[in-house]
Amino acid sequence: MAVFLHELRQPIGTLRGAGPALASRLGRLGIATVAELLQHYPRDYEDRSAYRPFSRFAEPGPVHTIATVTAQEWFGFGRMKTLKLIVADESSEAALICFNRPFLEKTLPVGSRAVVHGKFQFRYGEIQSSAFDVERLEEGRDPIVGLVPLYSLTEGVAQGTLRRLMRSALDMYGKRVEDEIDPELAAARELLPKARALASIHFPAAAAERESARRTLAYEELFKFQLGIALRMRARHSQTIRRKAAPGLLAERLIQRLPFSLTADQAKVLAEINADLDEPHPMARLLQGDVGSGKTIVALLAALRAVERGGQAAIMAPTELLARLHAATAAALLEPLGVKLAFLAGNVDDAARPPLLEALASGAIDIVIGTHALFSEDVVYEALQFIVIDEQHRFGVMQRLALYKKGNIPDMLMMTATPIPRSLALTLFGDLAVSSIRTLPPGRKPVITHLAKQENELKVYDFVRKLLAEGRQAFFVYPLIGESEKADLKSAEAMAARLAEEVYPEYPVALLHSKLKEEKKREIMESFVAGSTKILVSTTVVEVGVDIPNAAVMVVEHAERFGLSALHQLRGRIGRGAHQSYCFLIYSDDITEDAVQRLKALYGTSDGFALAEEDLKIRGPGELLGTAQSGAFRLLVADPLRDFELLKLARADAFGIVKEDPGFLTAAHALYRRGLETADKAKG
Ligand code: ADP
Ligand code: MG
């Protein structure tokens, strides 16, 4: 009977040669069922297409031959006793030194035949190897030639074991695996039958075969993923909102009051958002734009639409500090227009809280700005219609959802200063429309970036001294708050003391980190914003959203310890004012190749979009996708970066099907449905 791959839930123990001990070891690789085994795809392959007998051992590349065992010998004593197999192919005799592999005595008795692969040397008068791979040739079984799979392993599970198991799983179940993609579509996309693709990805005869197997499986993964997205989007589109007319007069008045005019990109993304807000369906849009690109004003202008329609808007930021800054900006711009604002964070004092909640519930507040407190259980909104989530990557899915649930089919605007490369955006945020602000407001001087070795720190400090003398303020950022066992790392605490006492005794220095009380943090930040503190020493808490035009210096020590996007964000803290700004990235000798690449990338460009692509290349999509994907829709084969063309194709196909066939879930494509249901269950 034909089955879908994910339906092969037979425990691994049902396979020939998989006893309880092996099954429990495989559990460590996340393999409990036949389906999971078959989806343990090779991480790489070894090319054994070239036959090379023992006599040609001295040529470059490994020997690869079929040999017969002619004798078994033992040498050494006690625990050092080692098996030596004498084997012969048509060309010569050779010796296999079986360190730690005494079991080969039983597997390869005299007279048995085996495929032997490995590097051989001439030593002690014989052609020998101790680093060889050997696989017994059973009667009637083809030797493994061509590309041999290499799997990720765990202790006690050898390549040979996995290969053997994989073969028996393919023999017993693999052939029955049914196609999930509609045959017509599969033909149009030149996909292999799934059963074939499975067999070929594990044991391809040649590179071309492996590639078409990989392509087939990758397409299927991407297609299912996109299908899920298309269905979610359709579900959203099936919700209708009756919108009141909103001529945009409030927004118009705000624009007239601004001390600057919107950049072309700001105007463009605002138009995109406004168009969404006139659709009869809820909006779900991601607004990405580099630090300082001016997202806040766009969000406020959009929120005014909801207010004009008599609704409420909530703007949520990840830290209290940032929320307060937004609240201050909003107060300056919107209160003169008669818009009623409120600020809500965790520690709004007890006395102020009830009337505030009351005002939110009665609709007396138009726009509320705050932190996670915005979705606290006791918070009720009269008519929450518009939600802005700033620095959205700092929130979890459940948190965003919690705020969403406070509204009545609200429109959602997510904002991020860490642009997501397009390939990942389609995977992670495939159901969001994306708007991008690519250019900064005019008049900003690009930040000058310097890379410096730690031994040159004093030169950096001297340079900074000149800038301080000119009246500028400086950030110093460290990877740790306090001392750690790794004594060679500078910490914010220790350096705050050193900078204050030794390096810049003439300037006020303050220390900021996440362990301080919110109240204290705010004081410190306010004193820096006001210009009384000249030097702010901190950890990455200054990362988000603070705008201080006079801070023209960013010194990051142990820059090798920070991620690309964190460094980019830090650098974005400066360059906001009229003065030339400088960013010093100080690195120590203890630097990895990846870190070198990161620092070079930062030195090379300040374009956040380019850096995001670079980050993806350095880190690979796994890490970025890892936390976001779950259940049966994990990408095991597909790589959104490498398979970007295939991804676009699969997306168009999936969206096409959902669009063409509104009865999609009920009738013809029941096949897909089964897959989706399983995925949903897995997601819980
Ligand atoms: P971000 O996109 O990082 O959230 P902000 O919204 O905080 O950026 O904007 C950064 C600064 O740029 C703010 O001081 C804001 O007033 C200013 N700004 C925004 N838009 C413009 C513009 N069109 N022209 C000049 N300055 C602008
Ligand atoms: Mg911002």
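1. In what order do the 6 strands of the open sheet run, and is the pairing parallel or antiparallel? The order is 17-22-21-18-20-19, and the pairing is parallel. Strands are DSSP runs of E, at least two residues long, numbered from the N terminus; two strands pair if DSSP finds at least two bridges between them. Strand 17 (448-453) and strand 19 (509-512) are the edge strands, each pairing on one side only.

2. This is a predicted model: local features need pLDDT of at least 70, side-chain atom pairs count only at pLDDT 80 or more, and totals for chains, interfaces and linings use all residues. Residues are numbered from 1 along each chain as its sequence is written, chains are lettered from A and ligands numbered from 1 in the order in which they are written, and side-chain values use heavy atoms, with hydrogens and water left out.

3. Within the sheet, strand 18 (residues 473-477) and strand 21 (residues 551-557) pair in the parallel sense over 5 bridges. Val477 has Val556 of strand 21 as its bridge partner.

4. Ligand 1 is surrounded by 16 residues (a heavy atom within 4 Å); the closest are Gly292, Lys295, Thr296, Arg444 and Asp547.

5. A nitrogen atom of ligand 1 is 2.9 Å from a polar backbone atom of Ser261. An oxygen atom of the ligand lies 3.0 Å from a backbone N or O atom of Gly294, and an N or O atom in the Lys295 side chain is 2.8 Å from a ligand oxygen.

Methods. Polar contact = N/O pair within 3.5 Å; in protein donor to acceptor, adjacent residues only side chain to side chain. Helix = DSSP H or I, 4+ residues; strand = E, 2+ residues; numbered from the N terminus.
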